[in-house]
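Thanks for sending this one over. Here are my notes, in the order in which I would click through the structure.

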Amino acid sequence: MSRRLNILLPVCALLVMGAGPTTPQGALGPLYPIAETNLLAHIKLNAAAASENGSWERKKIEAQKAAAAWVDNPPQVDGLRNATRSKVRMFDPSIKLQDPVIDAQGNVLHLPGTKVNPLQKVSLRGRLVFIDIREPAQAAYAARLLSEPIQTRVVAVAGSPSKFAKQYKKRIYFDQYGALSRRFEIVEIPAIVTQSGMALQITTVAL
């Protein structure tokens, strides 16, 4: 028997087995009804029960209270300390690309490994002020800066933004999870971030 025939025979056998007989062959074993509950019906049933016994409303209220509490007192940024002396340093915001940057037409703008400075495309207008609004002196300092004719964004790292806004009638932001503090390598506050050419100037202020 040739090698070609050795290959074809098993393939033909599989095709025949796959086709199978077309006439009913009867049950090969005992049959049982499907015991699982329909998922959509199960969800509707639980929702109806929760609505009737009031647990749905309680859970909604609890979720609303938790969200409000988080907004009023977000988790503080760890690893920061109050400045003991004023100083100025320069920070290069350039990043090294891990992946290529491609535009909408598929053109490669930057290759992996390219060093890119975001300030070449966008500018930081005004200043960012990082403070701990639990500290009365820092909160008052931030409020004074906000009253000056310079675009100022106060970024809290701890405390209640809503309390500050209510007291000083000023808008304030919060550095969620310390994303900005880590990016700018800020370890002391108050810290003021401004643009200087293609770099950022970071000034820590001892109050």
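1. Is Ile102 buried, partly exposed or exposed? Please keep in mind as you look that this is a predicted model. Ile102 has a relative accessible area of 48%; exposed needs over 50% and buried means under 20%, so Ile102 is partly exposed.

2. Ile102 belongs to strand 4, which covers residues 101-102. Together with Val108 and Leu111, Ile102 makes a nonpolar surface patch of about 290 Å². Residues need over 30% relative accessible area to be part of a patch, and Ile102 has 48%.

3. The largest pocket has a volume of about 220 Å³. Of its 15 lining residues, those closest to the centre are Leu124, Leu128, Leu180, Phe184 and Leu200.

4. What is the make-up of the lining of the largest pocket by class? Twelve residues are nonpolar, one is polar and two are charged.

5. The second largest pocket comes to about 150 Å³ in volume. Helix 4 (136-146) and helix 5 (161-168) each supply at least two of its lining residues, and helix 5 gives the most, with four. Among the residues of this lining are Arg134, Glu135, Ala139, Lys163 and Phe164. By class, the lining of the second largest pocket divides into five nonpolar, three polar and three charged residues.

6. Two loop positions also deserve a look. Ser147 sits in the loop between helix 4 and strand 8 (152-158). Its relative accessibility is 52%, so Ser147 counts as exposed, the cut-off being over 50%. From C-alpha to C-alpha, Ser147 and Lys170 are 9.0 Å apart in space, with a separation of 23 residues in sequence.

7. How far apart are Gln176 and Pro75 in sequence and in space? They are 101 residues apart along the chain, while their C-alpha atoms are 7.7 Å apart. Gln176 has a relative accessible area of 42%, so this residue is partly exposed.

Notes:
Residues numbered from 1 in each chain as written. Predicted model: local features only at pLDDT ≥ 70, side-chain atom pairs only at ≥ 80, totals over all residues. Heavy atoms only, no water. Patch = residues over 30% accessible without salt bridge, like charges linked within 9 Å, V, L, I, M, F, W, Y side chains within 5 Å. Areas by Shrake-Rupley, 256 points an atom, 1.4 Å probe, with all protein chains shown as cover. Salt bridge = Lys/Arg side-chain N within 4 Å of Asp/Glu carboxyl O. Buried < 20%, exposed > 50% of the residue type's maximum accessible area, 1.4 Å probe, protein only. 1 Å grid on protein atoms, 1.4 Å probe; cavity = no way out; pocket = protein on both sides within 12 Å on 5 of 7 lines; lining within 4 Å. Points joined across faces, edges and corners; volume = space filled by probe spheres on them. Nonpolar A, V, L, I, M, F, W, Y, C, P; charged D, E, K, R; others polar.
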